[in-house]
4 protein chains.
Amino acid sequence: MNAEIGEPIDKGIEQRIQNSFHRQGLMAHLGASLHSVRRGLVTIRMPFRPELSQQHGYFHAGGTSAIADSAGGYAAFTMFPDDSSVLTVEFKVNLLNPAQGDALEATGKVVKSGRTLTICQLEVFAVSGHRRSLVAIGQQTLMCMVGRQDAPQKPLN
Amino acid sequence: MNAEIGEPIDKGIEQRIQNSFHRQGLMAHLGASLHSVRRGLVTIRMPFRPELSQQHGYFHAGGTSAIADSAGGYAAFTMFPDDSSVLTVEFKVNLLNPAQGDALEATGKVVKSGRTLTICQLEVFAVSGHRRSLVAIGQQTLMCMVGRQDAPQKPLN
Amino acid sequence: MNAEIGEPIDKGIEQRIQNSFHRQGLMAHLGASLHSVRRGLVTIRMPFRPELSQQHGYFHAGGTSAIADSAGGYAAFTMFPDDSSVLTVEFKVNLLNPAQGDALEATGKVVKSGRTLTICQLEVFAVSGHRRSLVAIGQQTLMCMVGRQDAPQKPLN
Amino acid sequence: MNAEIGEPIDKGIEQRIQNSFHRQGLMAHLGASLHSVRRGLVTIRMPFRPELSQQHGYFHAGGTSAIADSAGGYAAFTMFPDDSSVLTVEFKVNLLNPAQGDALEATGKVVKSGRTLTICQLEVFAVSGHRRSLVAIGQQTLMCMVGRQDAPQKPLN
């Protein structure tokens, strides 16, 4: 299985990921966008703005975690059956260095894809011009909800 | 030590927490506010809005984690010396139930306060009218940076 | 559901837990025993011996984790259907204080019991005479394997 | 820094790691041995025996975690100053596949080496003849205790 991680995916799956991502109000609110979508490997990019800061002026760990969580979730989702939905069971992040720079890039990578559970490794880099530095690593467990639509069951209000 | 967790704190410390919280651009951007600040025990409240949603219309785990992380950070900070700053080393959250309701309330509670490291337990509840349901639990490690100001070293401009 | 955590369980379930525990070669090898088995709440006790030590002479975190993991696993198992088996998906522990004393007592407590996944909180105390001190806390995700026997499929060897 | 991870270390440091490992009563009790010691990269091997099993006859997650924890601890220790000692702050493991085979091999690898805290990634493989399969991954935070001897302060008993 691991051999296939990182391969291109077909347009239908990519479109499904894009649609789901655009239903995540938080991603738009944080200014995050899908940077790369491959099989079991998804990167989300989030440019710096003061609305994302913690008290020292760096990226807040909450925003760092938000894009890491979504990156891992969509990495898992690329390998799920059509009529399913993805749910984060848990995740853990270590914050290695101050997250400062032009943007953060979070990558989720599938390490184990099971019928029910998928395990991802997460990496977040701070990017400034050509410099990249690792600011966080994580591990995440996701659940495949078969037969559940990846959209609200009824329109939000 | 644990006997004192939850006791009122003096105004100076509360003001320091308030000031730090208001420097966190992300908290304002998410619409979160400090709900309660006691010794080693801080609660942050975040009302629902579509900008906080994931693809099913619930609160996104990233927002849930952001307020849980800040709640634990400030719970630790209430017990730090004056000339110090707080840094999240790592945290882990389990998402127990769909996070939906009028608001989320995240509480960080100090379990062990050491000279260098502080460990917190985190709980996030979804609140709808009088109903409260536990949606996430977490554990967090924080570091006390003695002699480091809790503010940007130079203006962000 | 939480109201019932800690209630006595019927003899059949307790026997099932005892049988499973005794099939865990590691628990016997570490000198650990089931101390208390209640609904969603299990305690395992492990007296100190030099074979359990790390380099400073305290209990090794590996032993601490082993009994915490089994305590959580059996806490979950008390709430599973008859024809099922329990599997640890992941766990995380924070080691708060040096684990030294006459014995360690690890308690696993079910926080959320779902059809597929169960989430436990873990606590480990060091006990010396009448003194108890908290040495580790953890969070754990467990999976219910319905229709799978809780024993080796064929004899070992 | 990362460029140096995996390089050979001088004999003095390797001897210090060996001495410390041999003071860990638990490692001997589990039948574990140091397999490879390089800069920031340590592997521990543990052959299967029934004393290491869980209820299905596989390696118990507690033993898996014990060697993963020690591997990460010693990986960190290779990069610490002479007069220091290593302490596990926390770790998290995901158990990906049933841990069965001739032996387990756990590798700890330093991802970030700070003055006070070091972060490691952990991997555990099950080995059977020439087959290796990944059975667990983890993340770990370690603390450098400067000025503290890596041995009991006074003889045990």
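Modeller: A word on terms before we start: helices and strands are DSSP runs, at least four residues long for helices and at least two for strands, numbered from the N terminus. The model we are looking at is predicted.

Colleague: Thanks! Where in chain B is B:Arg148 found?

Modeller: Strand E6 of chain B covers 131–146. B:Arg148 is found in the segment after strand E6.

Colleague: Which side chain of opposite charge is nearest to B:Arg148?

Modeller: B:Arg148 is buried, yet it has no salt bridge. A salt bridge needs the two atoms to be within 4 Å. At 7.7 Å, the nearest side chain of opposite charge is B:Asp150.

Colleague: Which side chain of chain A is joined to B:Arg148 by a polar contact?

Modeller: Let's begin with the surroundings of B:Arg148. Not counting residues up to four places away in sequence, B:Arg148 touches B:Asp83, B:Ser84, B:Ser85 and B:Leu87, along with A:His56 and A:Tyr58. A polar contact of 3.4 Å joins the side chain of B:Arg148 to that of A:Tyr58.

Colleague: Let's turn to the pair A and B. By what turn can chain A be laid on chain B?

Modeller: In general, two copies of a chain are related by a rotation about an axis and a shift along it. For chains A and B, the RMSD is 0.0 Å and the shift along the axis is 0.0 Å, with a turn of 180°. The two copies are thus related as by a two-fold rotation axis, and the turn asked for is 180°.

Colleague: In chain A, which residue has the C-alpha nearest that axis?

Modeller: For chains A and B, the turn is 180°. In chain A, the C-alpha nearest the axis is 2.0 Å from it, and that atom belongs to A:Lys92.

Colleague: How much area do chain A and chain B bury between them?

Modeller: The size of an interface is often given as the accessible area lost when the parts come together. This contact takes 43 residues from chain A and 43 residues from chain B. Carbon and sulfur atoms account for 55% of the buried area, which is about 3400 Å².

Colleague: Which three residues supply 22% of the area that chain A buries against chain B?

Modeller: Chain A and chain B bury about 3400 Å² between them. The 22% share of chain A's part is more than any other three residues supply, and it comes from A:His29, A:Gln55 and A:His56.

Colleague: Why do we say that chains A and B meet through the same surface?

Modeller: We compare the interface residues of chain A with those of chain B. The copies meet through the same surface because the fraction of chain A's interface residues that are also interface residues in chain B is 100%.

Colleague: Which element gives the largest share of the side of chain A that touches chain B?

Modeller: Between chain A and chain B there are two salt bridges and 27 residue pairs in polar contact. Helix H1 (11–23), helix H2 (25–29), helix H3 (61–77) and strand E3 (84–95) of chain A each supply at least two residues of the side that touches chain B. The largest share, 10 residues, comes from E3(A).

Colleague: Which residue of chain D meets A:Glu90 in a salt bridge?

Modeller: Toward chain B, the side chain of A:Glu90 meets B:Lys92 in a salt bridge of 2.7 Å, N to O. Between chain A and chain D the count is two salt bridges. In one with an N to O distance of 3.0 Å, the partner of A:Glu90 is D:Lys92.

Colleague: Which element gives the most to the side of chain A that touches chain D?

Modeller: Here 15 residues of chain A are in contact with 15 residues of chain D, and the two chains bury about 1300 Å² between them. There are 15 residue pairs in polar contact between chain A and chain D. E3, strand E4 (103–113), strand E5 (117–128) and strand E6 (131–146) of chain A each give two or more residues to that side. With five residues, the element that gives the most is E6(A).

Colleague: Is C:Ser53 buried or exposed?

Modeller: C:Ser53 has its place in the loop between strand E2 (41–47) and helix H3 (61–77) of chain C. The cut-off for buried is under 20% relative accessible area. At 2% relative accessibility, C:Ser53 therefore counts as buried.

Conventions: Residues numbered from 1 in each chain as written. Chains lettered and ligands numbered in written order. Predicted model: local features only at pLDDT ≥ 70, side-chain atom pairs only at ≥ 80, totals over all residues. Heavy atoms only, no water. Least-squares fit on C-alpha atoms with pLDDT ≥ 70 in both. Contact = heavy atoms within 4.5 Å. Buried < 20%, exposed > 50% of the residue type's maximum accessible area, 1.4 Å probe, protein only. Lys, Arg positive; Asp, Glu negative; His and termini not counted. Polar contact = N/O pair within 3.5 Å; in protein donor to acceptor, adjacent residues only side chain to side chain. Buried area = accessible area lost by both parts, 1.4 Å probe.
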